[in-house]
Each structure stands twice: as structure tokens, then as C-alpha cells.
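Morning, everyone. Let's bring up the model.

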Amino acid sequence: MRLVIIIMLVVCFASCQKELSVENGRNDVAGLLRRAVAVTNGDTLITFYYYDNLSRLETVVTDGISAGDTYYEYLNFTRDFTSRIINVKQQLTQSGFAYDTIRTAIHYPDPVGLEYDYSITSTNLGYLRVDSTTYSFDDTKMMSNETFTSGILTGRNEFVYDSSGNVIERDIYSSSGGGSIEFTATLKYTYGDEPDYLWHSVTASQNYWLVGIPNQLNKNLKQLDVIDQAGNGQDVRVLTNLTLGPGDKPVTGEVIVLPSNQKTSYTFYYQ
């Protein structure tokens, strides 16, 4: 069951939340993405993007219907004077249930360095829960991270890169209820030749907080393969196709999840 849940989260990340990957601090293309509309089986999610005075992504608000249930998410990034993300705040309401605010503080070991060594996440689920994650870098590449809950290791991600600095593989290890760590799933990424104009990060080290992949470049993700490593679920393939308009910015897109053949159609609006 745990692997099925992880695959569902991965599919949601790839299809429902791809538009969360926007930052235009160095974007040479005129016009900022302001709104993205995603339609899946008649359900509609609308995502709004808000930027600070340096055109850096600051707040993302998603509202609508997902899998037949009401869905609302507020995501906010706070940065320091070097443009590094230092705090993330997330609020989620789903099916009428409002979850407690999740706050994450990101620690950098020196005043201007771009690589961070740990983060602290806190939420109040009837009691104060504090999780922590440690990060391992090789130069500017995040090679792995480990998450601890109440001091117990509960998850690990390991990344493999190609010669261009893009992540081509992510191995996920997880545990349930404080049990032993299990090799749960492998994610394999295939990129197109064109840049992903929905993903333009100020620094490569921030990509993990914006999209969950610590890529060095902003190549368009064309295919995601989720491979079951625990024998509890089903392999999944996610295909992404974008139609580009003026300035080579995407105006429409389609995400297809196999083998279920679930399709999500996207429309993008710029200022």
C-alpha cells in the first residue's frame, strides 16, 4: 500500500502540479506566467502565480476540484538577500478539511553559499511535530537527502545525473511507522531538447524546493517512469507534451499517465 501511495503522489506531482515549477528571476522571455488551468476527467484546477519585485516566484495558489473533491493549496517562499529560499510555508484544504500549516526553515552553512545542509519542518497535528532533513552535495549537485521523524530515519532519496547536470534517476527509500527503510521506487527522467520555460530557477540548488528535482539545467521533462521496487504496486509512465506559442512559451499541454491512460490538459496564461 505504501508504494501505491508514493506512486499516486509522484503522478500528482508530474501531472497535477507541474505548474509549480515556475520562477523567472533570470527568464529572458518577456511576460510572466500568471495562471495555469488543468482539466482532468472534467475536474478543473486553477493555479495562480505571484512574484516579488525582482520577478521571483513568491506565492502559488491552487484552487478547484481534484479527483472529485475540493482542493485548495497555498504555497509561499521567503528568500534572503542572496535570493536563496530560506523558508517555505504550505497550507492545504482538501475535501473541506483544513490541514495545519506546514513550515520549513532551510539552513545554509555559510552566508552566501547556495548549498544547504539541513532543513527543519514543523506542523501541529494535535501535537507539535518536528521533522528534519539532511542534504549531501557533490560540488553543486545534490546527491542524496535523508528525512528524520522524531530522530528516526524515515526516508531517503538518491540522485543520479547525466553529463549535463540533469537528474536522470531518483531512488526512493521509505519506512512506515518507524520500521526499517525499504527500497520503494525508482524514478527515471527523460528530457527533450528544448528548455522548459515553466522552470527557470535563479540557482540550481533551489530547484529541489520548486519542483522536487535538483537539476542543473532547465530542460523540458518529456517522460517520467516510476518503477516499483517493493513488489507492492504497478509501474507507471507519465508523458508530457507542450505546444509552444510566441517566444517559445507553452500555451497548452497534455500529460498522459499510463497504463491508466489518464489525461490532463493544460492551458497557460501570461501577463
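R56 is buried, at 13% relative accessible area; buried means under 20%, exposed over 50%, partly exposed in between, with a 1.4 Å probe and protein chains only. Its partner is D52, and the two side chains form a salt bridge, N to O 2.7 Å. By salt bridge I mean a side-chain nitrogen of Lys or Arg within 4 Å of a carboxyl oxygen of Asp or Glu. D52 is buried too, at 17% relative accessibility.

A word on the source. This is a predicted model, where local features need pLDDT of at least 70 and side-chain atom pairs count only at pLDDT 80 or more, while totals for chains, interfaces and linings use all residues. Residues are numbered from 1 along each chain as its sequence is written, and side-chain values use heavy atoms, with hydrogens and water left out.

How many salt bridges does the whole structure hold? The search finds six.

Next, D80 and R84. Their closest N and O atoms are 2.8 Å apart, in a salt bridge. D80 is buried at 15% relative accessible area. R84 is buried at 6%.

Now K188 and E169. Their side chains meet in a salt bridge, 2.8 Å from N to O. K188 sits in strand β13, residues 182-195, and E169 in strand β12, residues 167-174, so this pair ties together parts 19 residues apart in sequence. Strands here are DSSP runs of E, at least two residues, numbered from the N terminus. K188 is partly exposed, at 34% relative accessibility.

Technical notes: Helix = DSSP H or I, 4+ residues; strand = E, 2+ residues; numbered from the N terminus.
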